[in-house]
Amino acid sequence: MNKYNKIATLVGVWALSSSAAMAGPADDTLVLNEETEMVTRTAAPAHLSDVMDEVISGWHFRGVETRAMQADDFDNPGMIFVEQAQEAWDTADGSEGKSCASCHDGTESMAGVKAVYPKWNEAAGAVRTLEMQINDCRETRMGAEAWDYTGGTMQNMVALIASVSRGMPVNVAIDGPAQSTWEQGKELYYTRTGQLEMSCANCHEDNYGNMIRADHLSQGQINGFPVYRLKNTKLNSVHARFKGCVRDTRAETYKPGSPEFIALELYVASRGNGLSVEGPSIRN
């Protein structure tokens, strides 16, 4: 490590330790539309038993107003984009003259899909994210152009598919042929990167519940994605959030849809197994 990197690392550690103050997750219950009680805290899955006892949704680490917004679809700005996706669902596109509805009927037929992605795709011989599956359908079944991986149209559709799974438990498979990808994602999660030499675990495992730079560190669960962020007033994808986190360590980041981020998404999603699907959720 050169002199500059040593200084940067010390600055990063100092910023984390000196500005951090224990806040802890809010003691609250998320009941969606006064009807569906969501599982936002539950026992950690077996593969995390050596590092934590409980997994907690990022919802618990937001302010009172933000938590209330997510509890009511009329107040949740992310639902506007779900409505936009509904129109796209029913609209034919591409050379085959098909829409999503041509194969899948109503959007309710997608209930449970978001809960199991990313997942191993036998035909592709690889783990696929939901974005990848959507684009495969567009290109091979509809004869339409692929959507931008983190673009608004794509995230609207992911949010629509997530919305009909809300309340269902995340149940991402990590065994069998998906295991090697999961292991790669785990390694990335614990690898320190960048000039600050920080890993995902440094914030979301070692310091969740702390306040840092006026923000409340969560466990980094992704059961609520796509996320409507008050910061940029749009839906944000998992890989865009990964990219931002890696950039914050002052490291060269990976591209959305890259094998590295696919592996990382599989691993991080599995850390939230048992939590309810929440997307589109609201975060800072």
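Biologist: How does the lining of the second largest cavity divide by class?

Modeller: Reading a lining starts with sorting its residues by class. In this predicted model, the lining of the second largest cavity has 6 nonpolar, 2 polar and 3 charged residues.

Biologist: Which residues line the second largest cavity?

Modeller: Happy to list them: Lys114, Tyr117, Leu130, Glu131, Gln155, Val158, Phe225, Pro226, Ser237, Val238 and Glu265. Helix 5 (130–141) and helix 6 (152–163) are the elements that give two or more residues to this lining. The space inside comes to about 60 Å³.

Biologist: How many cavities of 30 Å³ or more are there?

Modeller: The count is 2. The largest cavity holds about 100 Å³ of space.

Biologist: Which residues lie nearest the centre of the largest cavity?

Modeller: Among its 13 lining residues, Lys114, Tyr117, Ile222, Asn223 and Ala269 lie nearest the centre. Sorted by class, the lining of the largest cavity gives 9 nonpolar, 2 polar and 2 charged residues. Lys114 and Tyr117, named here, also line the second largest cavity.

Biologist: Let's turn to a single residue. Is alanine 101 buried, partly exposed or exposed?

Modeller: Relative accessible area is the value to read. Buried means under 20% and exposed means over 50%. Alanine 101 has 22%, so this residue is partly exposed. Alanine 101 sits in helix 4 (residues 100–104).

Biologist: What is alanine 101 in contact with, leaving aside its neighbours within four places in sequence?

Modeller: Those contacts are Trp89 and Asp90.

Technical notes: Residues are numbered from 1 along each chain as its sequence is written. This is a predicted model: local features need pLDDT of at least 70, side-chain atom pairs count only at pLDDT 80 or more; totals for chains, interfaces and linings use all residues. Side-chain values use heavy atoms; hydrogens and water are left out. Helices (H or I, at least four residues) and strands (E, at least two) are DSSP runs, numbered from the N terminus. Buried means under 20% relative accessible area, exposed over 50%, partly exposed in between (1.4 Å probe, protein chains only). Contact means heavy atoms within 4.5 Å. On a 1 Å grid over the protein atoms alone, a cavity is a set of points where a 1.4 Å probe fits but cannot get out, and a pocket is an open set with protein on both sides within 12 Å along at least five of seven lines; lining residues have an atom within 4 Å of a point. Grid points are joined across faces, edges and corners, and a volume is the space filled by probe spheres set on the points. Ala, Val, Leu, Ile, Met, Phe, Trp, Tyr, Cys and Pro count as nonpolar, Asp, Glu, Lys and Arg as charged, and the others, Gly among them, as polar.
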